[in-house]
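Dear colleague,

I am passing on the structure we talked about, so that you can look at it alongside my notes. Please keep it open while you read.

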Amino acid sequence: MQLAYDTLLKLNSVSKMEMNFFLQCVRYQDEHRRVIGVYYKEFMQVLGMKSKQTFYNVLRSLSEKNLLSYTQNVKGDFDIYLENRTFSQQKTPDYIDLNKVLFQSKEFFKMKAHEKYMLLDLMRSTALNRGIRVINVKEFYHKYCNILQVSKRMIQVYLQTLRKYFSVHIKNGKYYIKFLGGKLFQKPTKSIKGKRATYVCINTAADQQREYVGRVLLRREQLAKKREEDASDLGKLTHQYSKIIKERGEDTISIISAVLHRYAEESIIFDVKHFHKMLRKALKLENSL
């Protein structure tokens, strides 16, 4: 869930819905900047889109702005490639971590695109300066008026919204902007049912991305989950065998999907143990330890 800073700089002129859509994709992109199975119904529900046409308009607009490219698998289901370099692809890593409670909340989705831009930009700059950004007032307004192409008055309006997340003071002609943090900026958590009790743990970015992949693959084959954890477990298996599959010069998603398709010909309910056996057999690993 890394939004590269040079990518943020390209988001200065997108709409609120375009910003929401792009950042949602960043949540699920893999190491190749790919997001599989972007499905219109899911994105409409999560982002509060009122019509299917809005989904298609946003996708087309972001493509025209060279922020992503896409291919369609079946109607309403797309594989997307983002123009957003991951940590490993950057010579000097510079990014904003989106794996925070706030960025997955309705509160964030409702913010104006320019407010989101300033929030993300100030999060980065305060982090680089030990939690507090000191900047000349004139320089501050010149920067954001120029980037966002709005008046000083509008920047002041955006700043009022951001005071929930930052302490903002003026002293000797300079802004002192301090990041407040708080619960909204904690890592998301999830509840896991054990044999005797339910416990809470951090829902890491990797866990969320893998669960998303599992959910997409099950949906594409119209397989019902036997357990709540099935999508997550399928995503973990996909990741677990990705190295072996890549070393054979093949695409991980294609191989997993092919085995899952054969599974779906036999059953309408997914069972991860049965699928795992089928996968190992397909990879000719059934006799290995």
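In this predicted model, strand β7, which covers residues 166–171, runs antiparallel to β8, and 6 bridges join the two strands. At one of these bridges, lysine 171 has lysine 174 of β8 as its partner. The two strands form a hairpin with 2 residues between them, and in the turn asparagine 172 has a positive phi of about 55 degrees.

Strand β8 (residues 174–179) also pairs with strand β6 (residues 132–136), again in the antiparallel sense, over 5 bridges. Here arginine 133 has isoleucine 177 of β8 as its bridge partner.

Turning to the helix, α6 takes in residues 113–128, and its 16 residues reach 23 Å from the first C-alpha to the last, which is close to the 22 Å expected at 1.5 Å a residue. Helix α6 is mostly covered, since 14 of its 16 residues are buried. Just after α6 comes arginine 130, which takes a positive phi of about 55 degrees.

Finally, the cysteines: how many disulfides does a search of the whole structure find? The search finds 0 disulfides.

Best wishes

Methods. Residues are numbered from 1 along each chain as its sequence is written. This is a predicted model: local features need pLDDT of at least 70, side-chain atom pairs count only at pLDDT 80 or more; totals for chains, interfaces and linings use all residues. Side-chain values use heavy atoms; hydrogens and water are left out. Two strands pair if DSSP finds at least two bridges between them. Helices (H or I, at least four residues) and strands (E, at least two) are DSSP runs, numbered from the N terminus. A disulfide is a pair of cysteine sulfur atoms within 2.5 Å. The expected span of a helix is 1.5 Å times one less than its number of residues. Buried means under 20% relative accessible area, exposed over 50%, partly exposed in between (1.4 Å probe, protein chains only).
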